[in-house]
Amino acid sequence: MQSTAGETRSFSFSSSDLPPSARGNAVRELHERGIVPLEPLPDCALHAQITKWVLPGAGILAGTLSGLRQVATRHAGDDSDDIFLSINLAGSSDASQRGREITIRDGDAILVTQAGGDFAISRPTPAHFVGLRVPRGALAPLVTSLYDGAMRLIPSATAPLRLLASYVDAVGDRRVLASPELCRLAVAHIHDLIALSLGATRDAAAVAHARGVRAARLQAIKIDIATNLGDCDFKLTAVAARQQVTPRYIHKLFATEGTTFSEFVLGRRLEQAHRLLTDPRFAKRAVSSIAFDVGFGDLSYFNRSFRRRYGATPSEVRSSAAG
């Protein structure tokens with residue numbers, strides 16, 4: 001599932017556009033084509049909404065499944081020795097391998113190796129998940145003792161696991177996928193966070209905290225900003241409290257990107273305002289209303305900042321887009 005030739009690919013599938021009677025055959029076809037090994041569960045409502053990314057050194061499968069069983073079978077001649085980590089973001093899943101069964105609940109993850117034999121994850125009811133597949137050779141130098149036997153449960157309270165889940169959510173950004181350098185960095189960060197979740201060596205943990213954890217923290221903060229962008233009273237201290245870090249740490253994170261927290265927030269607000277002003281669906285909405293929607297409490301400051309950024313007033317940008 002991971003790319004070894006340096007190329008990056010993505011694939012999406014949704015059963016929502018199909019009649020219920022056709023969904024079973026559609027997911028079986030995904031299995032036959034080698035895209036996703038899914039099998040319908042008997043007497044269960046079937047639903048699949050998934051996206052798959054194939055990156056150099058990592059494979060990612062994310063989405064929501066219901067009424068389906070995900071299987072992994074090692075075929076004759078298959079000499080790959082990959083590590084599988086499935087994070088159950090919401091809902092419940094049942095993993096099985098060599099007669100052993102483990103229920104994965106909200107926030108838990110399951111680690112499975114191909115060395116342990118064939119395995120399956122069943123999701124009779126809706127479960128939102130992220131699945132990762134990485135080469136054993138990429139993790140072995142980073143982890144104190146990489147598990148070789150049957151399944152291993154990683155509880156939701158594991159802090160690096162939570163960071164990993166939030167970071168993977170950002171990897172599908174088209175800007176990341178379009179840049180080979182960003183893809184390599186993202187995969188390195190994923191390896192770091194998996195190693196920390198499993199128990200990294202002392203040296204690897206130091207590197208991972210300086211690299212993978214920092215990147216994941218910064219991404220989580222950016223998501224927090226995007227979520228609360230429309231709040232005119234949005235403050236650094238509130239973000240720091242929600243992310244359980246200090247304001248000074250946030251300043252340091254943005255400094256590594258050559259910017260500041262305030263500059264980043266202003267940039268995102270201006271970009272959002274520009275999108276709304278050039279969208280014909282919002283052509284009748286007042287400029288002042290758009291400014292307040294994206295978090296500007298001072299209209300004069302908005303107009304000055306917008307013109308400085310785009311070389312034109314909000315009204316001129318809207319007129320140009322309409323023309």
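Q: In which sense do S3 and strand S4 (residues 58–66) pair?
A: This is a predicted model, in which local features need pLDDT of at least 70, side-chain atom pairs count only at pLDDT 80 or more, and totals for chains, interfaces and linings use all residues. Residues are numbered from 1 along each chain as its sequence is written, and side-chain values use heavy atoms, with hydrogens and water left out. Strands (E, at least two residues) and helices (H or I, at least four) are DSSP runs numbered from the N terminus, and two strands pair if DSSP finds at least two bridges between them. S3 and S4 are joined by nine bridges, and the sense of their pairing is antiparallel.

Q: Which residue in the turn between S3 and S4 has a positive phi?
A: The two strands form a hairpin with two residues between them. A positive phi of about 100 degrees belongs to Gly57.

Q: Which residue of S3 is the bridge partner of Arg9?
A: Strand S1 (residues 9–14) pairs with strand S3 (residues 47–55) in the antiparallel sense, over six bridges. In S3, the partner of Arg9 is Val54.

Q: How is H6 placed relative to H7: roughly parallel or oblique?
A: Helix H6 (residues 202–227) packs against helix H7 (residues 236–243) at an angle of about 125 degrees, with the axes 10 Å apart. Angles under 35 degrees count as roughly parallel, over 145 as roughly antiparallel, 65 to 115 as roughly perpendicular and the rest as oblique. Therefore H6 is, relative to H7, oblique.

How values were computed: Axes fitted to C-alpha atoms, helices over the stretch in contact; angles between N-to-C directions.
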